[in-house]
Amino acid sequence: MSVMLSFQEVTKIYPGAEHFKAVDSLTFDLNEGEICTLVGPSGCGKTTAMKMINRLISMTSGKILVDGQNADRMDTIELRRSIGYVIQNIGLFPNMTIAENIAIVPRLKGWDAGKISEKVESLLEMVNLPAEEFMNRYPKELSGGQQQRIGVARGMAADPPIMLMDEPFGAIDPINREHLQNEFLRIQEKVRKTIVFVTHDIDEAIKMGDKICLLRNGKLVQFDNPEKLLTEPANDFVRDFVGGDRTLKRLNLLKVKNAMQTDPPLIRALESLQTAKGKLSELKTDHLIVVDENGRLLGTVDPAALGKTGDKVAEVVQATQAHIQASASLKDGLSEIFSHDLGFVIAVDDAQKVVGTLTEKDIKALLRK
Amino acid sequence: MPTTIISSLLKRFLPLAITVAVVVWLYHHYGALTYTIENTKEFMRFVAEHIFLVVVSLAASVIVGVSLGTIMTRKGFEKTGPAIMALVNIWQSVPSLGVIALAYGFLPLLGLSGIGVLPALIALFFHAVAPIVRNTYAGIEAVSADVIESATGMGMTERQILMRIELPNALPVIMGGVRTSSAIIVGTAPLAFLIGGGGLGFLIFTGIALMDMGILISGAVPVALIAMIFDNLFGKLEKIVVSKGIQAEEYQTA
Ligand SMILES: Nc1ncnc2c1ncn2[C@@H]1O[C@H](COP(=O)(O)OP(=O)(O)O)[C@@H](O)[C@H]1O
Ligand SMILES: [Mg+2]
């Protein structure tokens, strides 16, 4: 993976406030295609650090490399046009339609009209706002959540490799925020931009970041991936900032597939009851998971069910709700475990194929690692 | 609903009908019609002079006012801007007749004539420029900082931000200033006659001097009509040039 953005000893001292460094010798590298969340208490220098990248704020000393080039030596206007910019208060242009807002940077870059309108339509589709309905509306006719979707689409319009986002979902109500976060992560799966994402909310930082850059008084306290930040906080400040529920946060972050056993006790529905009984005692387990010819989940059988009269497993199978996607969070997995008597949940993939089982013990084992 | 149609027709045409009725009555009652018909050629010349005074001084006010108001919002003018604004506000409080008198008395000191069309134009211009300066300044200052920040961050040049963001978004406020200026100019233009600027003021002041209501009305009524027409035109212009995204609701549904 190549480094897309590099901070090297970057320091900012505001004129008129010489006694303190708003950003103090900040150094870190960000790989291409990763989201880095800049997080920390209010006033710790997040916005200042971010705005030095597109030179809305000039640095006092140090160097920022954008794709290997010194940002300070690049033409300011060109630099900014190659970096998407999304702010908390959105700042859509009220005099322009939604389509015109999104088209701003492509137009500045001189794209031809056909390419621009194609791009506008695909972006609107990407942020789940039907083009025919929204293209010709004005910002004031949209809700806050819709406006920020447009803000994000506008930031991506000219396909910038880098995006800067300053608390983009900070002014949105919690339910819509969660929605926008998920939507954005889904988009990022596809577009793989290098993103600097400012937030003061540690939960958002953990959720959105491939890397977390935790700042305090302008200084870097810890730069790590979310799992590392939660398991190995660099000091008491990080521990406090992350919160006492670190373990629960990890449950949010980790996936069922990280903790599950990948050798589930399977039995095909067409096998005989005799075979099933044999397998049950051989594996020393209480349940077998019944699957069809393609490995898809049908249900479970236990010794009581196998005691019934019948020929094939299919005749005695008991349907079950105790299953979950392997890509779901461990938190959801744990919740499923607690809501069924089985003592475990069955992990399935997108096609409902059984890929593993998850017990409380598995989760504990992973968390203890 | 037929009743709403009728009421909207009434709303639209009643003022017009009343205006027409009053004008007709004035013309008929004071014999202004006879005077106007008998002196058509002269009358038309006064109208032309009057409109010339209004249009030229208003155009100058718009050009200078918008430029000055804009410059005051630029970097490096953070301190001078408000100072100029204060000056402009004081200047605007000088009464119309005072401005005309000042032009008459002051221009000769600069080696210019105090009598004629030019001094009249200068006086009208100075009298009317303030609202445009003030509204342009206020309109641009009122454009949200977030809008400017995102425009800058996306790589628009200062000039692009001014032309595509600041001025278009300030336009409703600027247009308000232009309408005020136009009203001031139209109302003050008759005084131009006092310093030899011509226009419909001739008929009004002659009418007063001769105590002839016919002559007076044949000047005063067209002055009032010109004022109404100008205001109406600017109202229409505003709807055309101001983006729908920032027009007040009432304009959209009208
Ligand atoms: N224009 C400025 N002039 C002086 N000090 C500033 C300016 N902007 C920000 N600061 C100070 O710099 C520090 C960092 O600010 P900022 O980067 O906005 O923090 P954050 O985004 O993390 O809340 C704060 O102490 C703030 O008061
Ligand atoms: Mg901030």
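Let's start with one contact. The side chains of Glu34(A) and Lys211(A) are joined by a polar contact of 3.1 Å. Keep in mind that this is a predicted model.

Where does Glu34(A) sit? In chain A, Glu34(A) falls in the loop between β2 (23-31) and β3 (35-39). Buried or exposed, then, for Glu34(A)? Its relative accessible area is 10%, so Glu34(A) is buried, the cut-off being under 20%. Now its surroundings. Set aside the neighbours within four places in sequence. Glu34(A) is then in contact with Met1(A), Lys193(A), Thr194(A), Ile195(A), Asp210(A) and Lys211(A). Hold on to Lys193(A), please. We come back to that residue.

On to salt bridges. How many does the structure hold over all chains? The count is 24. I will show a few.

Take Glu227(A) and Arg250(A). Their side chains form a salt bridge at 2.7 Å, N to O. What about accessibility? Glu227(A) is partly exposed, at 24% relative accessible area. Arg250(A) is buried, at 7%.

Next pair: Glu293(A) and Arg268(A). Here the salt bridge spans 3.6 Å, N to O. Again distant parts of the chain are linked, 25 residues apart. Glu293(A) lies in the loop between β12 (288-291) and β13 (297-301) of chain A. Arg268(A) lies in strand β11 (residues 266-268) of chain A. Glu293(A) counts as partly exposed, with 47% relative accessibility. Arg268(A) is partly exposed too, with a relative accessible area of 41%.

Lys312(A) is partly exposed at 30% relative accessibility. Asp311(A) is partly exposed at 46%. And here Lys193(A) returns. Lys119(A), Asp159(A) and Lys193(A) form one network, joined by salt bridges that share partners.

Now the ligand. Which residues surround ligand 1? The list runs Tyr14(A), Phe20(A), Ala22(A), Ser42(A), Gly43(A), Cys44(A), Gly45(A), Lys46(A), Thr47(A) and Thr48(A). By class, that shell has four nonpolar, five polar and one charged residues.

Let's look at individual atoms. Tyr14(A) places a polar side-chain atom 3.3 Å from a nitrogen atom of ligand 1. Cys44(A) uses its backbone: an N or O atom there lies 3.3 Å from an oxygen atom of ligand 1. With Thr48(A), an N or O atom of the side chain is 2.5 Å from an oxygen atom of ligand 1. How much of ligand 1 does the protein bury? Ligand 1 taken alone exposes 560 Å², and the protein buries 60% of that.

Last stop: Lys257(A). This residue is in helix α13 (residues 256-259) of chain A. Lys257(A) is partly exposed, with a relative accessible area of 47%. What does Lys257(A) touch, not counting residues up to four places away in sequence? Ala326(A) and Ser327(A). For a sense of distance, take Pro174(A). Lys257(A) and Pro174(A) are 83 residues apart in sequence. In space they are 28 Å apart, C-alpha to C-alpha.

To recap the opening: Glu34(A) is buried, and its side chain makes a polar contact with that of Lys211(A). Thank you.

Conventions: Residues numbered from 1 in each chain as written. Chains lettered and ligands numbered in written order. Predicted model: local features only at pLDDT ≥ 70, side-chain atom pairs only at ≥ 80, totals over all residues. Heavy atoms only, no water. Helix = DSSP H or I, 4+ residues; strand = E, 2+ residues; numbered from the N terminus. Buried < 20%, exposed > 50% of the residue type's maximum accessible area, 1.4 Å probe, protein only. Polar contact = N/O pair within 3.5 Å; in protein donor to acceptor, adjacent residues only side chain to side chain. Contact = heavy atoms within 4.5 Å. Salt bridge = Lys/Arg side-chain N within 4 Å of Asp/Glu carboxyl O. Near = heavy atom within 4 Å. Areas by Shrake-Rupley, 256 points an atom, 1.4 Å probe, with all protein chains shown as cover. Nonpolar A, V, L, I, M, F, W, Y, C, P; charged D, E, K, R; others polar.
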